[in-house]
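Have the viewer ready as you read.

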Amino acid sequence: MTVPVAGRGRTTAVLRPHPRVSLLIHRRSAAVALVLLALLLAVMGVSACLGQTYVSPAEVWRTLRTGTGPYDLVVNELRVPRIVLGALVGAALGLSGALVQTVTRNPLASPDVIGVGHGAAAATVIALATGAVSSPGAMPLVSAGGGLAAAALVYVLAWRRGMQAGRFVLTGVGIGVALSAVVQLYLADSELESAEQVKLWLTGSLNGRGWEQAGPLAVVLLLCLPALMWASRAARPLGFDADTAAALGVRVDRVRLGLTVLGVVLAATATGAAGPIGFVALTSPQLARRLTRTPQLPLLCSALTGALVLVAADLAARTLLPPLEIPVGALTSLVGGPYLLWLLGRRTAVR
């Protein structure tokens, strides 16, 4: 049963599926989430049809339903796993960006700023250079571990009797620069073939990836669901300044730490699955906030926006210049760069 909230007009309602359970629903956010979900499903369907080989929607549905047919390889083995992985990676990056921006209270912050992408890249090249990991299937774990380690180092170095967002971001930038130097040294001193493989991974790509990477990422997202439900409520007081939030009874440092850990886990796992894909985590939360018009960054809509952006970008990367395939990370950076410049200009004008 849905009950309107007194004093809030038509913007919110209380959903009571059980007498002891109640959920506060923002009406516009719920409507935006449904629209984003419909768009995401539509883009995923179009992506399954388009490519060097066109497959009609009826054939795609028949192939998915039966698992056999002339297009089984194209649909079930090549396109669908890649599309699902793109949606999962986009959702994880959207959630991670929303959590990091909530902690830092800075729309220009993203998981890359706190060293996740750089740590994953450094761990990958160190593993390749030393031969510590020989199995390709273990590389996503190495990348995710490197991202987590880098973010943990940033948090420790930035801690000074509490966490200040400005110091946190600047420390992340410094650690990121140092880790980037490690990657550049490896590229300058490695064989041409190895360097090309690392460069492709550093750009971020869904090419050649599928269920092997999507499965672990889906498990991580499912395991994080309880924490995300907690985060959606715990993040609301952080919209105030630290003193006001503390006066409301919020343990600000603990909440920030919890949100940061959750965001880093999601970003590191997504980076391990597809490489460092830029600007999705930066832009998705802000786009979702403008769509929902909520005071806080909406987690569900940020996830759906990230998934929609990445699936659409991968579709464009596959079909813009056939038979050449553009790495999706390059395309998102190409589109995200002007957005970042616009956001910087907008913040400067506001000040």
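This is a predicted model: local features need pLDDT of at least 70, side-chain atom pairs count only at pLDDT 80 or more; totals for chains, interfaces and linings use all residues.

## A serine in helix 12

Ser 302 counts as buried because its relative accessible area is 0%, under the 20% cut-off.

Which residues does Ser 302 touch, once its neighbours within four places in sequence are left aside? The contacts are Gly 94, Ala 98, Ser 284, Pro 285 and Ala 288.

Helix 12 is made of 21 residues and spans 30 Å from first C-alpha to last, close to the expected 30 Å. Of those 21 residues, 16 are buried, so helix 12 is largely enclosed by the rest of the structure.

## The nonpolar cores

Now step back to the largest nonpolar core, which has 60 residues. Those with the most contacts inside this core are Val 89, Leu 99, Leu 217, Leu 259, Leu 266 and Ile 277. Helix 12 (299–319) is one of the elements giving two or more residues to this core, and others include helix 1 (27–49), helix 8 (211–234) and helix 10 (252–274). Helix 3 gives the most, with 15 residues.

Take a look at Leu 99 too: beyond its neighbours within four places in sequence, Leu 99 is in contact with Leu 228, Ala 231, Leu 259, Leu 262, Gly 263, Leu 266 and Leu 299. Apart from this core lies another, of 17 residues, among them Ala 122, Tyr 155, Val 264 and Ala 268.

Notes. Residues are numbered from 1 along each chain as its sequence is written. Side-chain values use heavy atoms; hydrogens and water are left out. A nonpolar core is a set of buried Ala, Val, Leu, Ile, Met, Phe, Trp, Tyr and Cys residues joined through side-chain atoms within 4.5 Å. Buried means under 20% relative accessible area, exposed over 50%, partly exposed in between (1.4 Å probe, protein chains only). Helices (H or I, at least four residues) and strands (E, at least two) are DSSP runs, numbered from the N terminus. Contact means heavy atoms within 4.5 Å. The expected span of a helix is 1.5 Å times one less than its number of residues.
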